[in-house]
Amino acid sequence: MTHKVPFLDLSVEDPAHRQALLDAIERVLTHGQILLGPEVEQLEEEISEYCGKQEALGVGSGTTALYLAMEALDLPEGSEVIVPALSWIATANAVARAGAKPVFADINDELNLDPSSVQEHITDQTAAILPVHYTGKISQMDAILEIAEDHNLTVVEDASQAFGARRGNSPAGSFGHMACFSMNPMKVLPALGEAGMILADDPDHVERARVLRYNGIVDGVRSKTAGMNGRIDTLQAAVLLARLERTEDVIQRRRDMANQYNEALADIVKVPEEGPNERRAYYTYTIQTGERDELYEHLIGLGIEAKIRNPYLMPQQPLYVKKAQGEYPNAKSLVGNLLSIPCHEGMDEDAVRTVVEGVCSFFDGGSR
Ligand SMILES: *Cc1c(COP(=O)(O)O)cnc(C)c1O
């Protein structure tokens, strides 16, 4: 089914942007360094600078970034890692794959890890906190970092959804000991395929992640640990370098649209506002309403491709449901209220108006 307003449009129509991507691919074809070519190093440098971290490591996906970062922490057996109950499942799975136990804490009304719930879930086994900047809004990092410092815990940001988001002058990825980004095609800084990035300051973290990234190889041939092949493709790095140049424009366009939505919809649903001195990246524009399912059907009927991004909390997934550890009452009550509506730079003013009218017609029309 084609939608009048698609949720996302990944085709590249803007001629200048299309040419920039083709030029980037041409350069790779010419130099021929397809694996770990110069674009990988350049991208790592530009991202680490953008995010205010010492080092960045390009990897094959956001999931790979999380897996390698958690493994690079080298957590003791039986460690617990506190994660928010609401996220894409890769967050909790990375903890499990590293041999640790995800402990599910609650979220606040902004859909991010609630620091007071983090505090309540700390035990002698707690080793790390893995906050997620859900929808592209930065978590309450001041409070989370304070708790971490008090208890000597490591903080890894799952910043997959928040490239370019800021609190004050601090960008997503600058807060934790390590940070992970996804650059999959739906994310704010998207590759033309799978890609991700790990950021860290501590040379030990960087080195362990680097060795794990390619089969545990230390000096070209000798393998030290059972790693994987988690390297980013040079082609994707080249694409991302071209796209990094327009990220500020992309985020600004999304924020402009979000402001239009906020003005039109704040009286009828809970909208994702920006706090003072805060910049959201608007990975998604996610509203909250008690009539989520009915509104979803209404919009789909109008040809507006709304999305229910995470219909289940992570601890409700089959993998965790029997043994999930943690309390998350607010997450349980909010997860059924969340609906993401189209908000991306490929939309024109007509499309924005169509979405606004669609949502409004549900609340003041006879469709309820
Ligand atoms: C997208 C995403 C991931 C995984 O990224 P991939 O690149 O798709 O593997 C992990 N965590 C969160 C919160 C995400 O949104």
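The protein chain holds 12 helices and 12 strands, where helices (H or I, at least four residues) and strands (E, at least two) are DSSP runs numbered from the N terminus. The model is predicted, so that local features need pLDDT of at least 70 and side-chain atom pairs count only at pLDDT 80 or more, whereas totals for chains, interfaces and linings use all residues. Residues are numbered from 1 along each chain as its sequence is written, and side-chain values use heavy atoms, with hydrogens and water left out.

The radius of gyration of the protein chain, 21 Å, agrees with the value near 21 Å that a compact globule of 368 residues would have; the radius is taken over C-alpha atoms, and the globule rule is 2.2 Å times the number of residues to the power 0.38.

Of the 368 residues, 54% count as buried, that is, under 20% relative accessible area with a 1.4 Å probe, protein chains only.

Two separate nonpolar cores can be set side by side, each being a set of buried Ala, Val, Leu, Ile, Met, Phe, Trp, Tyr and Cys residues joined through side-chain atoms within 4.5 Å.

| Nonpolar core | Size | Residues included |
|---|---|---|
| Largest | 45 residues | Met 70, Val 81 and Ile 198 |

Within the largest core, Met 70, Val 81 and Ile 198 have the most contacts, and helix α3 (residues 62-72) supplies the largest share, seven residues. Leaving aside neighbours within four places in sequence, Met 70 is in contact (heavy atoms within 4.5 Å) with residues including Leu 75, Val 81 and Leu 130.

How values were computed. Buried means under 20% relative accessible area, exposed over 50%, partly exposed in between (1.4 Å probe, protein chains only).
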